Amino acid sequence: MTEHAAPALAARAAEQHVVVVGGGIGGLVAARECAKVGMRVTVLEATEGLGGSIRTAELDGLVVDAGAESFATRGGHVRALVDELGLGDLVVAPEGGGAWLSGIPDAPDAPLPVGGLLGIPANPFQDDVRRIIGWRGAWRAYVDRLRPPLTIGHEHSLGKLVRTRMGDRVHDRLVAPVTAGVYSALPGDIDTEVAAPGLNAALTRTGSLSGAVGTLLAQRDTRDPGKAPGSAVLGLIGGMGRLVEALRDDLVTYGVEVRTGARATGVVREGAAWVVAYETTPDAPDEDAADAADAAADEESALGVAGPQQESLAATGVIIATPEPAARSLLGAHAPQLGDSGDAPEIELVTLLLQAPALDDIPRGSGVLTVPGSHVAKALTHSTAKWGWLRDAAGGHHVVRVSFGTQGEAAPTAGLDDDAAAELAMSEASALLGVDLAPEQLLAAHRARFVQAQPVSLIGAGERRAAAREAVQQIPGLAVVGAWMAGTGLAQVIPDAITETDRLRSALLWED
């Protein structure tokens, strides 16, 4: 860029108005990327809260994460943003030891084995592996090393690969709990190359699945020899809500207008510009109360009470950063080639504040995964064991998060009221922690509902996303970000939002 071009570019940036629809992490990052170059930016968020999957709740005065509680370190993108926002000193690693596994057929609960990949063991005779799969399972898994090379090839389905090479016990007792806990999906639906890049190639080179796992783990250790177990994720002192607060403060500094309680109802092309229609309500609900809001709106209409106010914004560019159903509704008229949406799991997270001295000894480490079908809950996190800052803030009480729901199945709590959901979570926590918890030990509870974006690791999900994104990118002045395009997790959403926003930003600034 020449010295004379810079003022012209700045002037052109100032002429742009980008409307970001959705105030989740993807939308906030996209808004920041546009505002950094001098563009005028407006964010519309349907609820009263920002952050999307990052939510907080107050339990008897204690502020806790009620959604995402950590971020993956892979790629370094989230940590880079955290540092840019001045939160680097708040980064902490998890504590409390490894997780446990519950629901092992004919065996007691046990710690999850170390030294595996998505639950696949490098050594099936390792004591902590054999404790879960038994001698029978260990010898069946060992047959993997005796299989002839001609049977080796590229296998899309992680479940089929594991069953074929190492047998049902490794699949059911080790791999399925991990994929259900991490991806809310069973191994048969997981794309091997997406979930475990290089595993098929390493299998072909080494001649066995266990050997391939060992090779990939050795390569990982060589790249980062000092990495301790569990350090693949990090958190923030005070909770991940601090990231949302810092992003909002940064947007205010850049002059971004953030409108909460503003639900986009339509996006229309008028000549070279866009018009975003939205409605506002005096007290917009949070995402956990959407159904109640619809009922209240019907009642207000029947009583003649003023309903939502209709407004609109003109924009040179629009970034859709909502969950998939709302995004498809807004995009449908402009991108008919979006393709079919994939099934997205419904997740419910019940957070419990407990007065339970029996948990002081951290009986199940940082948490518990379950063998699918063995429990109602799919996972549990002992948050005050996992995060030292929260343990200090809790003052001797315990915070436990119980997770329900997986791919293709409604969360078992979906039809329950809040009290019944908390009661079920207490029952599951007692079973998974191996401690009797009485009703009077529950000090407070919070329930959060999520429609989780389909994991990018599901077979076919990558192709569906690529087709949808290509359809959107054919439309000038329009971009889409968020988990349904990028995949779940901040480590995927943040860099994707930056890349897609840069594409739109460049088009607005440089293309005539």
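Trainee: How many helices and strands does the chain have?
Mentor: There are 18 helices and 22 strands, taken as DSSP runs numbered from the N terminus (helices H or I, at least four residues; strands E, at least two). This is a predicted model, where local features need pLDDT of at least 70 and side-chain atom pairs count only at pLDDT 80 or more, while totals for chains, interfaces and linings use all residues. Residues are numbered from 1 along each chain as its sequence is written, and side-chain values use heavy atoms, leaving out hydrogens and water.

Trainee: What share of the residues is buried?
Mentor: Of the 512 residues in the chain, 50% are buried, meaning under 20% relative accessible area with a 1.4 Å probe, protein chains only.

Trainee: Which residues have the most contacts inside the largest nonpolar core?
Mentor: Ile25, Val41, Leu243, Ile319 and Leu490, in a core of 46 residues. A nonpolar core here is a set of buried Ala, Val, Leu, Ile, Met, Phe, Trp, Tyr and Cys residues joined through side-chain atoms within 4.5 Å. A second, separate core has 38 residues, including Ile104 and Leu458.

Trainee: And what does Val41 touch?
Mentor: Leaving aside residues up to four places away in sequence, its contacts (heavy atoms within 4.5 Å) include His17, Val20, Cys34 and Val256.

Trainee: Switching to charges: what is the nearest side chain of opposite charge to Glu45?
Mentor: That is Arg263, 7.4 Å away. Glu45 is buried and has no salt bridge, which would need a side-chain nitrogen of Lys or Arg within 4 Å of a carboxyl oxygen of Asp or Glu. For charge, Lys and Arg count as positive and Asp and Glu as negative, with His and the chain ends not counted.

Trainee: Which backbone nitrogen lies 2.7 Å from a polar atom of the Glu45 side chain?
Mentor: The one of Gly23. Glu45 itself lies in strand β2, residues 40-45.

Trainee: Now the sheets. In what order do the seven strands of the open sheet come?
Mentor: The order is β8-β7-β18-β19-β20-β17-β21, with mixed pairing; two strands pair if DSSP finds at least two bridges between them. The edge strands, β8 (110-111) and β21 (442-451), each pair on one side only. Strand β7 (residues 100-102) runs antiparallel to β8, joined by two bridges, and Trp100 stands opposite Pro111.

Trainee: What do β3 and β4 form?
Mentor: A hairpin with two residues between the strands. Asp60 in the turn has a positive phi of about 50 degrees. Four bridges join the antiparallel pair, and Ala57 has Val64 as its partner.

Definitions and conventions: A polar contact is a pair of N or O atoms within 3.5 Å; within protein, one must be able to donate a hydrogen and the other to accept it, and residues adjacent in sequence count only if both atoms are side-chain atoms.
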